[in-house]
Amino acid sequence: MEAAQLGLFFVVVFGVIALPGLDMAFVLASSMRGGSGAGFAAVGGIVAGGIAHTLMGVLGVAAILAVWPPLFNAMLLAGAVYIGWIGWTLLRAQAAPTLAISPQAQLPRGRSIFLQGMLTCLLNPKAYVFMLAIFPQFLRPGQGGLWTQAALLGLIIAFTQALVYGAVTVGALGAQRRINANPRGGLFAARMVGAVLVGAGVLTLLQGWRS
């Protein structure tokens with residue numbers, strides 16, 4: 001895979017993961033209640049969930065290519081339109097995403113935090129949108145093994161999850177305050193992610209149908 005393609009994928013993944021959502025909320029809550037140990041257990045569970053999403057994504061793409069390759073092209077174009085629409089809604093957003101976390105919330109302890117973190121990731125609808133609409137855009141069936149490409153993309157996802165959520169764990173309370181107290185910065189970040197998604201959608205549409 002080309003370095004530029006991997007770099008663009010990292011930028012997209014970083015933007016999506018850095019936006020506040022269910023996974024970040026769980027990491028924050030775990031860290032605030034149980035300290036860094038609980039927070040990193042939650043991060044580990046979410047990374048494991050991300051690996052499972054990657055496996056499901058590449059299995060789905062491999063099945064589509066085996067049964068009817070033109071369907072893959074149709075899925076790519078539909079996904080390009082969809083991520084472009086998501087990006088456009090972020091560009092037009094008037095308020096930044098925020099998190100409301102209660103440190104008094106009852107949370108599991110020890111190994112169960114890891115398992116609940118994994119379950120939180122697996123049940124996160126944002127992750128399924130990503131795997132259906134964005135992940136396939138970066139696979140090139142005619143440019144090397146599909147599983148090799150997926151492994152590289154999966155490593156980028158896991159690294160970015162560990163990087164972003166690990167930072168949230170280290171600065172748990174401060175992270176929550178910064179997210180909720182800096183709406184202007186959060187809005188700017190959301191719009192930057194929106195611009196990247198719109199650009200990725202346009203590039204895919206320009207590429208057209210793949211053989």
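Helix axes here are lines fitted to C-alpha atoms over the stretch in contact, and angles run from 0 to 180 degrees between N-to-C directions. The model is predicted.

**Exercise 1. Classify the crossing of H2 with H4.**

Step 1. Take the geometry. The axes of H2 and helix H4 (residues 111–122) cross at roughly 50° and come within 6 Å.

Step 2. Apply the cut-offs. Angles under 35 degrees count as roughly parallel, and 65 to 115 as roughly perpendicular. H2 and H4 are therefore oblique to each other.

Step 3. Assign the hand. The crossing of H2 over H4 is right-handed.

Step 4. Sort the contact residues by class. Between H2 and H4 there are 14 nonpolar, nine polar and one charged.

**Exercise 2. Describe how H1 packs against H6.**

Step 1. Start with the axes. Helix H1 (residues 3–18) and helix H6 (residues 146–170) lie with axes 10 Å apart, at an angle of about 40°.

Step 2. Name the arrangement. H1 and H6 are therefore oblique. H1 passes H6 in a right-handed crossing.

Step 3. List the partners. H1 contributes Leu 6, Phe 9, Phe 10, Val 13, Phe 14, Ile 17 and Ala 18. Residues on the H6 side include Leu 152, Ile 156, Phe 159, Gln 161 and Tyr 165.

Step 4. The contact of H1 with H6 has 15 nonpolar and two polar residues, and no charged ones.

**Exercise 3. Locate the largest cavity and characterise its lining.**

Step 1. Count. There are two cavities of 30 Å³ or more.

Step 2. Size the largest cavity. Its space is about 200 Å³.

Step 3. Find its centre. Of the 16 lining residues, Ile 17, Ala 127, Phe 130, Ile 157 and Gln 161 lie nearest the centre.

Step 4. H1, helix H2 (22–67), helix H5 (125–133) and H6 each give two or more residues. Ile 17 also belongs to the H1 contact with H6, as do Ile 157 and Gln 161.

Step 5. Sort by class. The lining of the largest cavity has nine nonpolar, five polar and two charged residues.

Key: Residues are numbered from 1 along each chain as its sequence is written. This is a predicted model: local features need pLDDT of at least 70, side-chain atom pairs count only at pLDDT 80 or more; totals for chains, interfaces and linings use all residues. Side-chain values use heavy atoms; hydrogens and water are left out. Helices (H or I, at least four residues) and strands (E, at least two) are DSSP runs, numbered from the N terminus. Angles under 35 degrees count as roughly parallel, over 145 as roughly antiparallel, 65 to 115 as roughly perpendicular and the rest as oblique. A crossing is left-handed if the near helix is turned anticlockwise from the far one by less than a right angle, and right-handed if clockwise. Contact means heavy atoms within 4.5 Å. Ala, Val, Leu, Ile, Met, Phe, Trp, Tyr, Cys and Pro count as nonpolar, Asp, Glu, Lys and Arg as charged, and the others, Gly among them, as polar. On a 1 Å grid over the protein atoms alone, a cavity is a set of points where a 1.4 Å probe fits but cannot get out, and a pocket is an open set with protein on both sides within 12 Å along at least five of seven lines; lining residues have an atom within 4 Å of a point. Grid points are joined across faces, edges and corners, and a volume is the space filled by probe spheres set on the points.
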